[in-house]
Amino acid sequence: MTTINTIEDLLQLLDDNPQWVEALRVRLLSRELIELPEKFAKFSATMEQFVRETNSFVAEMKSFRAETQGFIAEMKSFRAETQAFISYQKTLNAEIIRRLDRLESDVKSIRDDLAPIKGAHARNAAHREALLIAEEFGFRLVRVVGFEELVSFARGGNSEGIPANHIRSFHRADLIMDVQDRDGNDCYLAVEVSYTVDERDSVRAIRNAGFLTQFTGRPAYAAASGLRYDRRVHPSIESGELFWYELDADGLEAE
């Protein structure tokens, strides 16, 4: 029988009998402590795998961050270019509007300059065709009444209460004709002439015809003549209140 007096005796005995070491470990240690090395080894392997995966994820995130920063940089560049384009487009639109406004102003100025010329051509054509205008409406032309005679009519007639601008308009009537109707009765034909006859022309013609009757006591009729008339004049023509004589476009061309 082996006697154990010292720790060295125990260690020597365990060295001589390795199977006793395991039996002693089972007696001295809990199952958890016995299994701890194996579990630790598994944990270490798991942690190593986790670290590798984490490092891979971090690398992917760095790459994604770099790509994201590149995309953000591209977006900033695109935004800057877009803003520059918008600014340029605003400047271009403003310039286009400015030029269109100037062009519209120039066109209006040209139209305003041409209006008197076109009106003068229309009046000249109407005076040339005074005989035809009178005959168109069933009258016989006696003569064209001049400016001085119209002034005399207004001065010698009852013009009290008539606005001064209406009297001036009467003096400047486009064409006043002394005519006879089919029965030989003396009367007047007050004609207003425009390239395009508008409502103002029709009002002036009807008003001048009224003044002629008021100043002379003779019947007077209103007429308008031009290349065309606008829709506001149509009711007066349809009702017979205003005669209409259409000028030939060829007759309005400058000689």
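A residue counts as buried when its relative accessible area is under 20%. The exercises below apply this and related criteria to a predicted model.

**Exercise 1. Determine whether E129 is buried or exposed, and describe its surroundings.**

*Solution.* 
1. Locate the residue: E129 belongs to the loop that links α3 (31–128) with α4 (130–136).
2. Apply the cut-off: the relative accessible area of E129 is 18%, and E129 is therefore buried.
3. List the partners: once neighbours within four places in sequence are set aside, E129 is in contact with Y245 and L247.
4. Consider the separation: E129 and L247 lie 118 residues apart in sequence, while their C-alpha atoms are 8.8 Å apart in space.

**Exercise 2. Carry out the corresponding analysis for D230.**

*Solution.* 
1. D230 is located in the loop between β6 (228–229) and α8 (234–239).
2. Its relative accessibility is 19%, so D230 counts as buried.
3. With neighbours within four places in sequence left aside, the contacts of D230 are T196, V197, D198 and E199.

**Exercise 3. Describe how α5 packs against α7.**

*Solution.* 
1. Two packed helices are described by the angle between their axes and the distance between the axes.
2. For helix α5 (residues 147–156) and helix α7 (residues 199–216), the angle is about 60 degrees and the axes are 8 Å apart.
3. Angles from 65 to 115 degrees count as roughly perpendicular and those under 35 as roughly parallel; α5 and α7 are therefore oblique to each other.
4. The handedness of this crossing of α5 and α7 is left-handed.
5. On the α5 side the contact involves L150, F153 and A154, which meet L212, F215 and T216 of α7.
6. By class, the residues of this contact comprise five nonpolar, one polar and no charged.

**Exercise 4. State which residues of α6 are buried, what covers them, and how α6 is placed against α7.**

*Solution.* 
1. In helix α6 (residues 164–171), the buried residues are I167, S169, F170 and H171.
2. The cover over the buried residues of α6 includes α5 and α7.
3. The axes of α6 and α7 come within 10 Å and cross at roughly 90 degrees.
4. The contact is formed by H166, I167, S169 and F170 from α6, together with R204, R207, N208, F211, L212 and F215 from α7.
5. The residues of the contact between α6 and α7 divide into five nonpolar, three polar and two charged.

**Exercise 5. Identify the side-chain polar contacts of Q180 and the residues around Q180.**

*Solution.* 
1. Q180 is part of strand β2 (residues 175–180).
2. The side chains of Q180 and R140 are joined by a polar contact of 2.7 Å.
3. A polar contact of 3.1 Å links the side chain of Q180 to that of D186.
4. Apart from neighbours within four places in sequence, Q180 is in contact with G138, F139, R140, V142, N185, D186 and C187.

**Exercise 6. Summarise the chain as a whole: how many helices and strands does it have, what share of residues is buried, and what share of contacts joins residues 24 or more positions apart?**

*Solution.* 
1. The chain contains eight helices and seven strands.
2. Of its 255 residues, 27% count as buried.
3. Among contacts in the chain with a separation of 6 or more, 61% are between residues 24 or more positions apart.

Key: Residues numbered from 1 in each chain as written. Predicted model: local features only at pLDDT ≥ 70, side-chain atom pairs only at ≥ 80, totals over all residues. Heavy atoms only, no water. Axes fitted to C-alpha atoms, helices over the stretch in contact; angles between N-to-C directions. Helix = DSSP H or I, 4+ residues; strand = E, 2+ residues; numbered from the N terminus. Parallel < 35°, antiparallel > 145°, perpendicular 65-115°, else oblique. Left-handed = near helix turned anticlockwise from the far one by under 90°. Contact = heavy atoms within 4.5 Å. Nonpolar A, V, L, I, M, F, W, Y, C, P; charged D, E, K, R; others polar. Buried < 20%, exposed > 50% of the residue type's maximum accessible area, 1.4 Å probe, protein only. Polar contact = N/O pair within 3.5 Å; in protein donor to acceptor, adjacent residues only side chain to side chain.
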